[in-house]
Amino acid sequence: MKVRIDHERCQGHGRCYDLAPGLFGDDEEGYGMVLGDGTVPPDQEHAARLAVLNCPERAVELPGEA
Amino acid sequence: MAADDRFSEDHLRGPAGDAPAGVRNQIITGPVSDWATDFSHLEPEWAADPYRIQDDLRQRCPIAHTARFGGAWLPTRYEDVAAIAYDTGRFSSRSIILSNFRPPRELAPIGGSPPISSDPPFHHDARKLLLPAFTKAKIAEQEPGTRRFCHSLIDAFGERDVVDAATEYAQHIPIRVIADMLGFPPQDGPQFREFVEDLLEGINLPPDERIERVSRMWEYLLAQVHEHLDRPREDLTSYLINAELYGRKLEPAHVVGAMALLLIAGIDTSWSAIGTSLWHLAKTPSDRRRLAAEPRLLPTAIEEFLRAYAPVTMARLVKEDMHWHGVDMAADDWILLSFPAANRDPAQFDRPDEVVIDREVNRHAAFGLGIHRCLGSHLARMELRVALEVWLERIPEFSLAHPPAVTWAAGQIRGPRELPLRIC
């Protein structure tokens, strides 16, 4: 499982780095960034799904997952 | 280097200045006949409970209209609110407070208080200047001082059994934080409250009185600019004075307009969110006890308070005549862009009218959607979390002292303005 951010959609709400700080950080303007290559360790799969489901802009994605 | 004379009398235009005139319409007040065709967010019925009105409209007339304010539309479905927030091509932000005065079209794309009043492409550049000061990490620097300040407010309650959580607690927190960030004297706080009321609640006042009130704020901000020109500091005012865009320093109206935005937008919004959350907990003992016992649930509960009681409604102006989602909009019609209504749309949320403090999936729009996402959202979340943490730690038991005594602000920012709580 891997996460990604659609930077065209991200507006810097910060829900991803609030809910899954092990997977996401922010840049100097507050826009979300994937840490590392986005691979989700098994113990963070729930946090990854929360980040996807709580992004107001639908900018956080789990490619390959419905 | 030459002295900075951008802010001298000769160079500066006030808010009424020599800009092209806008359009005023007849002011219509009084009871609403039908919310679908005559709505007004300034009437007491709306202030008391806008949700019932919005829920009803969503079912029978999802894009309501009023002839008040020279013509305005009120969409109540999430999908329509989102579509308008994203469509900056057809809906302008050149005025985001719905009133009886439309600023001239020439004011776009900058608007009176950039970047909230700006349209693309200028918006992006004006916003970029401010974003670094409002990141989560930057805001975290304000947290220890905010926490100390919240404690000092509760210390000041003394031995009293009943306190007003709106006027003695919630209101002071954002005022103190934003005054600190802008580098304004903390003792000027009471004036800021007046500025907020003048701008956001005096919508139906006679135009000349409205202009005079707005001018008072402009003069205050200008005095702060001069104070900072004389003694530059590490704060947002000095930052804006020195900031550059397109290779030159900002226009003076941009500097003062942005200061006005930061001062006004940060105050009664957070004040309302803190007050409404305390109001909910005061009348819902099960939620109050659970949060006092499980402080780790607070961030999740805060998102639910923001969804269910989103304090902020924005406005847009239609750019051109058009048929849009089943209605005929005319150029310069207002849109009352209700994020609170979007947040209670059953097509988007399960059990939308219930406050579920452990709601895990909560894609709410309290801070807006698209390019105008609230610049201060990280600041607001910090203030709200710290204010509630300190309150629940110090005062875990509290209730409404006298429910009918709670009063709510009318207009685009909704929250309790009087909130007497029994705290023994």
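**Close-up views of a predicted two-chain model**

Figure 1. The peptide bond between B:Ala108 and B:Pro109 is cis, with omega at about 5°. The loop between S5 and H4 of chain B also contains B:Pro115. A cis peptide bond links B:Pro114 to B:Pro115, and its omega is about 5°.

**Figure 2. The buried side of helix H2 of chain B.** Helix H2(B) comprises residues 50–60, and its buried residues are B:Pro50, B:Ile53, B:Gln54, B:Leu57 and B:Arg58. These residues lie on the same side of H2(B), because the arc they cover around the axis is only 135°. An α-helix has 3.6 residues a turn, so residues three or four places apart point the same way. On the face turned away from the buried side, H2(B) carries the exposed residues B:Gln59 and B:Arg60. The elements of chain B against which the buried residues of H2(B) pack are helix H1 (44–48), strand S2 (63–66), strand S3 (72–75), strand S12 (334–338) and helix H16 (339–342).

**Figure 3. Helix H3 of chain B and the elements that cover it.** Within helix H3(B), residues 78–86, the positions B:Tyr78, B:Asp80, B:Val81, B:Ala82, B:Ile84 and B:Ala85 are buried. The cover over these buried residues includes S2, S3, strand S4 (91–92), strand S9 (313–318), S12 and H16 of chain B.

**Figure 4. B:Phe69, a residue with positive phi between S2 and S3.** B:Phe69 occupies the loop between S2 and S3 of chain B. Although B:Phe69 is not a glycine, its phi is positive, at about 60°. B:Phe69 counts as buried because 25 other C-beta atoms lie within 10 Å, where the cut-off for burial is 20 or more.

Figure 5. B:Ala387 belongs to helix H17 of chain B, which covers residues 377–394. Its 28 C-beta neighbours inside 10 Å are why B:Ala387 counts as buried. Leaving out residues up to four places away in sequence, B:Ala387 touches B:Cys150, B:Ala170, B:Ile173 and B:Ile274. Between B:Ala387 and B:Glu251, the separation is 136 residues in sequence and 37 Å in space, C-alpha to C-alpha.

Figure 6. B:Glu201 is part of helix H9 (residues 189–201) of chain B. B:Glu201 has 17 C-beta neighbours inside 10 Å and therefore counts as partly exposed. Apart from neighbours within four places in sequence, the residues in contact with B:Glu201 are B:Ala409, B:Ala410 and B:Gly411. B:Ala409 is 208 residues from B:Glu201 in sequence, while their C-alpha atoms are 7.8 Å apart in space.

**Figure 7. An open antiparallel sheet of chain B.** The sheet consists of three strands in the order S6-S16-S13, with antiparallel pairing. At its edges are strand S6 (162–164) and strand S13 (399–400) of chain B, each of which pairs on one side only. S13(B) and strand S16 (residues 420–422) of chain B run antiparallel and are joined by two bridges. B:Leu400 has B:Leu421 of S16(B) as its bridge partner.

**Figure 8. The fold of chain A.** Chain A contains two helices and four strands, arranged along the sequence in the pattern β-α-β-β-α-β. Its radius of gyration is 10 Å, close to the 11 Å given by the globule rule for 66 residues, so chain A is as compact as a globular protein of that length. The C-alpha trace of chain A spans about 30 × 20 × 20 Å along its principal axes. Of the 66 residues of chain A, 41% count as buried. Among contacts in chain A between residues at least 6 apart in sequence, 62% join residues at least 24 apart.

**Figure 9. A:Arg58, a residue with positive phi in chain A.** A:Arg58 is placed in the loop between helix H2 (45–54) and strand S4 (60–61) of chain A. Its phi is near 55°, a positive value in a residue other than glycine. A:Arg58 counts as partly exposed because it has 13 C-beta neighbours inside 10 Å.

**Figure 10. The contact between chains A and B.** On chain B, 19 residues are in contact with 14 residues of chain A. The side of chain B that touches chain A is made up, by class, of eight nonpolar, six polar and five charged residues.

Key. Residues numbered from 1 in each chain as written. Chains lettered and ligands numbered in written order. Predicted model: local features only at pLDDT ≥ 70, side-chain atom pairs only at ≥ 80, totals over all residues. Pairing = 2+ DSSP bridges. Contact = placed C-beta atoms within 7 Å. Nonpolar A, V, L, I, M, F, W, Y, C, P; charged D, E, K, R; others polar. Buried ≥ 20, exposed ≤ 12 C-beta atoms within 10 Å, placed from the backbone. Rg over C-alpha atoms; globule rule 2.2 N^0.38 Å. Arc of directions from axis to C-beta.
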